[in-house]
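Here is a quick tour of a model, taken one topic at a time. Have the coordinates open while you read.

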Amino acid sequence: MNSSQDTIYAQACENISDFQFDDRVAGVFNDMIKRSVPGYGQIINTLGDFADKFVTPSSHVYDLGCSLGAATLNIRRHIDGRNCRIIAVDNSESMVERCSQNLSAYVSDTPVDLVCADIRDINIENASMVVLNFTMQFLAPDDREMLLKKIHNGLVPGGLLVLSEKLTFEDAPVQSLLDQLHLDFKRANGYSELEISQKRSSLENVMKPDSLPQHEQRLREQGFSHFSVWFQCFNFASMVAIK
C-alpha cells in the first residue's frame, strides 16, 4: 500500500477548509496516519491477533471506516479457512477505489464486500468482530450512541468491538501534557509548525473526540458487558468491548 508523502498543508493557505477524506488525502493517507497517530502500526497488527481469537466460523467481520484497507487486510490474513466474510465500508469514493486495489493485490479465500456508504446506514448482522478504527470521532456526537446500539445488536454473543479513537481528558494538566507529546511526535516525524497548525484548523469542525469515561459509559449503556483499554499512546487509545 504505497502512498506519496503528505505535503497537503505544507503551503500557507488563506482559507483553511474543513478536512475531507478526498482524493488528495487518500493519495497520502498511509504517510499521513503513520506520522500523525502514534502506535497506529501496533494497533493494525494486533487487530489480526484479535481476529484470530474472536472471529468464529461462518460469521461476518465489519471494518467500518476502512480507508485504504489496512485493518481488513490484517484481519483477513488471520481468518482464512473459517468461511467468513468481511464487510469493509467507507464513505469516501477515493478511499474505496484505492482500498479495492490494495485488497486485490493479496490472494485470500475470505471474500471482502467493499462498500462505499455511510457506516450509519449499514446493517450489522451475524458479526463476531467489528472494527471502528479512528472513525467514530468523525461522526456527529448524537449519532454515536445509535451506531453502537446497532453494532451491539448485530454482534453474536461473545462478539468483539475494537474501537480506536483520539481522546480528550478532563484533567487540564494531563490534557496539556499529552497534547504537547503528540505535537512533539508530529514534529519528530517531519511536520512543520505551519503544517501542524493548518491541519489542526481543518479538523476543528469535523473531529470531535470523547473522553475515556464517555466511551465506557456509552458502551455499557448499549449493553456491552466487558470493556477495557488495551493500548494507549499519548492521547490516542484503542479499546475493546465484548458482548
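At 26% relative accessibility, Phe234 counts as partly exposed (buried means under 20% relative accessible area, exposed over 50%, and partly exposed in between, with a 1.4 Å probe and protein chains only). Phe234 sits in the loop between strand 7 and strand 8 (236-242); helices (H or I, at least four residues) and strands (E, at least two) are DSSP runs, numbered from the N terminus. The phi of Phe234 is near 55°, a positive value in a residue other than glycine. Most residues other than glycine have a negative phi.

Asn126 is not a glycine either, and has a positive phi of about 50°. Look for Asn126 in the loop between strand 3 (112-116) and strand 4. With a relative accessible area of 36%, Asn126 is partly exposed.

## What you are looking at

This is a predicted model, in which local features need pLDDT of at least 70 and side-chain atom pairs count only at pLDDT 80 or more, while totals for chains, interfaces and linings use all residues. Residues are numbered from 1 along each chain as its sequence is written, and side-chain values use heavy atoms, with hydrogens and water left out.

## The largest pocket

How much space lies in the largest pocket? About 1000 Å³. On a 1 Å grid over the protein atoms alone, a pocket is an open set of points with protein on both sides within 12 Å along at least five of seven lines, a cavity is a set where a 1.4 Å probe fits but cannot get out, and lining residues have an atom within 4 Å of a point. Grid points are joined across faces, edges and corners, and a volume is the space filled by probe spheres set on the points. The pocket has 43 lining residues, and the closest to its centre are Phe21, Gln137, Phe138, Leu203 and Met207.

Helix 6 gives the most to this lining, with 5 residues. Elements that each supply at least two residues include helix 1 (23-36), helix 3 (70-79), strand 5 (155-168) and helix 7 (193-203). By class, the lining of the largest pocket has 22 nonpolar, 11 polar and 10 charged residues (Ala, Val, Leu, Ile, Met, Phe, Trp, Tyr, Cys and Pro count as nonpolar, Asp, Glu, Lys and Arg as charged, and the others, Gly among them, as polar).

The unreviewed UniProt entry places "binding site" at Tyr40, Gly65, Cys66, Ser67, Asp90, Asn91, Asp118, Ile119, Asn133 and Arg200; UniProt positions are in the numbering used here, feature names are shortened, and annotations may be inferred rather than shown by experiment. These residues spread over 161 residues of sequence and, in space, up to 24.6 Å between C-alpha atoms. The lining of the largest pocket includes Tyr40, Gly65, Cys66, Ser67, Asp90, Asn91, Asp118, Ile119, Asn133 and Arg200.

Gly65 is in the loop between strand 1 (60-64) and helix 3, and is buried at a relative accessible area of 16%. The unreviewed entry also lists residues 61-159 for "domain: Methyltransferase". That span is 36% helix and 27% strand, with its end C-alpha atoms 10 Å apart.

## Rings and a charge

The structure holds 7 aromatic pairs (rings of Phe, Tyr and Trp, the last by its six-membered ring, pair if their centres lie within 6.5 Å; planes under 30 degrees apart count as stacked, over 60 as edge-to-face and the rest as tilted). Tyr40 and Phe134 make a tilted one, 6.4 Å centre to centre with 40° between the planes. Tyr40 lies in helix 2 (residues 40-54) and Phe134 in the loop between strand 4 (127-133) and helix 5 (141-154), so the pair ties together parts 94 residues apart in sequence. Both Tyr40 and Phe134 are buried.

Phe50 and Trp230 have ring centres 5.2 Å apart and planes at 85°, so this pair is edge-to-face. Phe50 lies in helix 2 and Trp230 in strand 7 (residues 226-233), so the pair ties together parts 180 residues apart in sequence. Phe50 is buried at 14% relative accessible area, whereas Trp230 is partly exposed at 25%. Ring pairs also link Phe19, Phe21, Phe29 and Phe138 into a cluster.
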